[in-house]
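Here are my notes after going through the model you sent.

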Amino acid sequence: MAYAFRIDDGFVADENRRLAAALDEDYGALGRQLARRGLDIEALTAKVGAFAVAVPTWGVGTGGTRFARFPGPGEPRGIHDKLQDCATIHQLTRATPTVSPHFPWDHVSDWAALREEASSLGLGFDAVNSNTFQDQPGQPLSYKFGSLSHSDRTVRDLAVAHNVACIEAGVALGSRALTVWIADGSNFAGQSNLTAAFDRYLESMHRIYAALPAHWQVFIEHKLYEPGFYSTVVADWGTSLMAAQLLGDKAKCLVDLGHHAPNTNIEMIVARLVRAGKLAGFHFNDSRYGDDDLDSGSIDPFRLFLVFNELVDAAARKAPGFDPAYMIDQSHNVTDPVESLMGSAIELQRSHAQALLVDRAALAALQDDNDALGAHRLLKQAFTTDVSPMLAMARSRAGGAIDPVAVYRAAGYRERKAQERPVTGVVSAGIV
Ligand SMILES: [Mn+2]
């Protein structure tokens with residue numbers, strides 16, 4: 001491969017040196033504040049540093065809406081460029097060691113070589129994602145009226161075969177899970193038999209499930225609406241849980257934060273799925289109205305904190321089968337995707353760190369005493385604590401940047417990529 005610009009680790013260290021004294025001061029002050037609450041900042045910083053979230057390969061390209069897409073300069077032209085951008089995000093944040101590929105967008109002829117290429121960049125592969133929500137060039141049958149739940153068995157066979165091929169690619173990449181989201185649904189009352197469509201989906205998923213290797217899982221992603229605006233075959237967590245329970249132990253339910261009705265209590269869904277031993281993991285993003293795919297923590301950081309509060313609680317009490325996979329799933333329409341993904345990784349770490357501050361025993365006592373405001377104040381104290389110095393220290397100690405976006409801009413990464421990557425007019429970005 002031709003020479004590709006990378007930010008020099010020495011440059012990161014130089015930039016960090018200018019901020020180190022201020023960080024030491026802020027970290028010390030936070031440490032003293034937390035010590036008064038009986039918390040050890042060093043133990044917390046170690047936990048924060050261990051937090052990792054996967055970046056989706058499609059996330060490093062500019063997204064779009066149904067109306068338009070406005071590409072930015074230096075966009076990745078394919079999977080090799082995408083891996084470079086993902087490596088840069090991890091280099092500066094030290095929080096994104098894995099990428100989640102999407103097929104066929106990231107298709108290559110040699111999976112072993114791709115795995116080696118990612119490894120040389122310090123990256124591994126997280127869950128693989130299938131795509132039966134659009135037709136590929138030359139595809140003999142169409143998914144226009146559905147895929148895994150299509151009324152025509154030959155279309156269902158094609159969709160099942162694609163998912164099995166995704167598993168095979170994932171095995172070669174070192175992945176351990178397949179995420180399945182289908183766009184199947186209907187736009188008119190009466191268009192689709194709601195029961196029969198779900199039965200056909202289950203039958204197809206049983207066939208995919210049968211192809212899972214040992215130690216693999218299948219993540220079921222539900223979505224309330226779009227592209228089906230009247231009904232969606234896997235619309236909610238109830239449908240997802242039913243499917244996961246019918247399929248077996250390897251099937252779990254994925255929670256995409258944007259795939260719910262507005263104002264849905266997502267943290268309660270998380271608690272229920274943990275209770276059922278069926279929480280697969282997350283697609284993180286934020287939203288205002290629907291599946292907006294905005295940057296994590298950009299609209300409602302308190303909701304994100306409350307989700308992490310459930311996750312930290314589940315980990316603390318060692319809930320059976322609790323091992324969620326974390327992935328970002330956003331569409332960057334007006335920002336540099338690398339900057340947005342770095343910022344989101346940090347916001348996820350922030351929510352995790354804040355949730356770690358909650359005194360679980362004290363909270364349980366307040367809840368048992370029915371002290372509603374006392375319990376709420378305890379949560380809010382954790383949420384309003386500025387843990388930024390802890391996050392920056394964890395990054396810095398791991399070789400990342402104290403201020404990732406500032407270093408990224410100072411290094412001129414995007415400008416260099418704009419020179420390296422001539423505009424082709426085509427890039428595989430998408431929203432799932
Ligand atoms: Mn998603």
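1. Let me start with a loop. Asn263 sits in the loop that links β9 (251-256) with α8 (266-275). Keep in mind while reading that this is a predicted model. Asn263 isn't a glycine, yet its phi is positive, at about 70°.

2. Since His215 has 8 C-beta neighbours inside 10 Å, it counts as exposed. For background, most residues other than glycine have a negative phi, and most peptide bonds are trans.

3. On to the peptide bonds. Phe103 and Pro104 are joined by a cis peptide bond, with omega about 10°. Pro104 belongs to the loop between β2 (98-100) and α4 (111-120).

4. There is a cis bond between Glu226 and Pro227 too, where omega is about 5°. Here the proline, Pro227, lies in the loop running between β7 (217-221) and β8 (231-232). Both spots are worth checking by eye.

5. Now the sheet. What is the strand order? It goes β4-β5-β7-β9-β10-β11, which makes an open sheet of 6 strands with parallel pairing. β4 (128-129) and β11 (325-328) are the edge strands: each has a single partner, so one side of each is left without a neighbour in the sheet.

6. Within that sheet, look at β7 and β9. These two run parallel and are joined by 4 bridges. For a landmark, Glu221 stands opposite Leu254 in β9.

7. Last, the core. The largest nonpolar core comprises 105 residues, and Val218, Ile220 and Cys253 are the ones with the most contacts inside it. Which helix gives the most to this core? That would be α10 (residues 337-356), which supplies 9 residues.

8. Setting aside neighbours within four places in sequence, Val218 is in contact with Ala177, Leu178, Val180, Ile208, Tyr209, Leu212, Lys250 and Ala251.

Technical notes: Residues are numbered from 1 along each chain as its sequence is written. This is a predicted model: local features need pLDDT of at least 70, side-chain atom pairs count only at pLDDT 80 or more; totals for chains, interfaces and linings use all residues. A residue is buried if 20 or more other C-beta atoms lie within 10 Å of its own, exposed if 12 or fewer, and partly exposed in between; C-beta atoms are placed from the backbone. Two strands pair if DSSP finds at least two bridges between them. A nonpolar core is a set of buried Ala, Val, Leu, Ile, Met, Phe, Trp, Tyr and Cys residues joined through C-beta atoms within 7 Å. Two residues are in contact if their C-beta atoms, placed from the backbone, lie within 7 Å.
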